[in-house]
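I opened the model today to look up a few things in turn, and I keep my notes here in the order in which I made them.

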Amino acid sequence: MSVVKINVLTVPAEQRETLEQRFASRAGAVENSDGFEWFELLRPVEGTDTYLVYTRWRDEESFQAWMEGPMKSAHQGGGAAGERPKPAASGSTLWSFEVVQQTGPAAGA
């Protein structure tokens with residue numbers, strides 16, 4: 001069964017646009033990874049400064065391969081003269097889940 005990884009990001013109000021632009025410009029960074037199944041960036045709408053980055057993977061090994069390869073590379077480069085841009089998030093926690101049940105819309109719904 002699939003695994004879900006949720007990166008919980010604390011993002012100050014003044015950094016929200018920066019965070020969303022960075023995710024929008026990352027096209028293909030995860031979508032082409034072996035074992036990748038789904039991605040969603042969830043923006044808070046009330047009472048919190050916490051964004052959720054939801055990814056779903058075929059298995060833990062696929063996620064770990066992405067973490068050690070494409071994700072690691074993407075977070076090491078960047079700014080002018082090799083400088084990394086300042087993070088938009090002020091904190092991050094990774095939650096891990098196994099999918100034990102799932103369903104979708106009924107046929108014809």
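Predicted model: local features only at pLDDT ≥ 70, side-chain atom pairs only at ≥ 80, totals over all residues.

**Entry 1: a serine in a loop**

Residues are numbered from 1 along each chain as its sequence is written, and side-chain values use heavy atoms, with hydrogens and water left out.

I placed Ser-25 in the loop between helix H1 (16–24) and S2, and I found its side chain at 3.1 Å from the backbone oxygen of Arg-22.

**Entry 2: elements and sheet**

I counted two helices and four strands, taken as DSSP runs numbered from the N terminus, helices being H or I of at least four residues and strands E of at least two. Their order from the N terminus is β-α-β-β-α-β.

The four strands form an open, antiparallel sheet in the order S2-S3-S1-S4, two strands being paired if DSSP finds at least two bridges between them. S2 (36–42) and S4 (91–98) are the edge strands, each pairing on one side only. I then followed S2 to S3 (residues 50–57), with which it pairs in the antiparallel sense over six bridges, and noted Phe-39 opposite Thr-55 in S3.

**Entry 3: cores**

Which residues make up the largest nonpolar core? I list seven: Val-3, Val-30, Phe-36, Trp-57, Phe-63, Trp-66 and Met-71. Helix H2 (residues 60–74) gives the most to this core, namely three residues. Apart from it lies another core of six residues, including Val-11, Leu-19, Tyr-51 and Val-53. For both I used the definition of a core as a set of buried Ala, Val, Leu, Ile, Met, Phe, Trp, Tyr and Cys residues joined through side-chain atoms within 4.5 Å.

Leaving out residues up to four places away in sequence, I found that Val-3 touches Thr-55, Arg-56, Trp-57, Arg-58, Asp-59, Glu-60, Phe-97 and Glu-98, contact meaning heavy atoms within 4.5 Å.

**Entry 4: the whole protein**

Of the 109 residues in the protein, 26% are buried. Among contacts between residues at least 6 apart in sequence, 69% join residues at least 24 apart.

Methods
Polar contact = N/O pair within 3.5 Å; in protein donor to acceptor, adjacent residues only side chain to side chain. Buried < 20%, exposed > 50% of the residue type's maximum accessible area, 1.4 Å probe, protein only.
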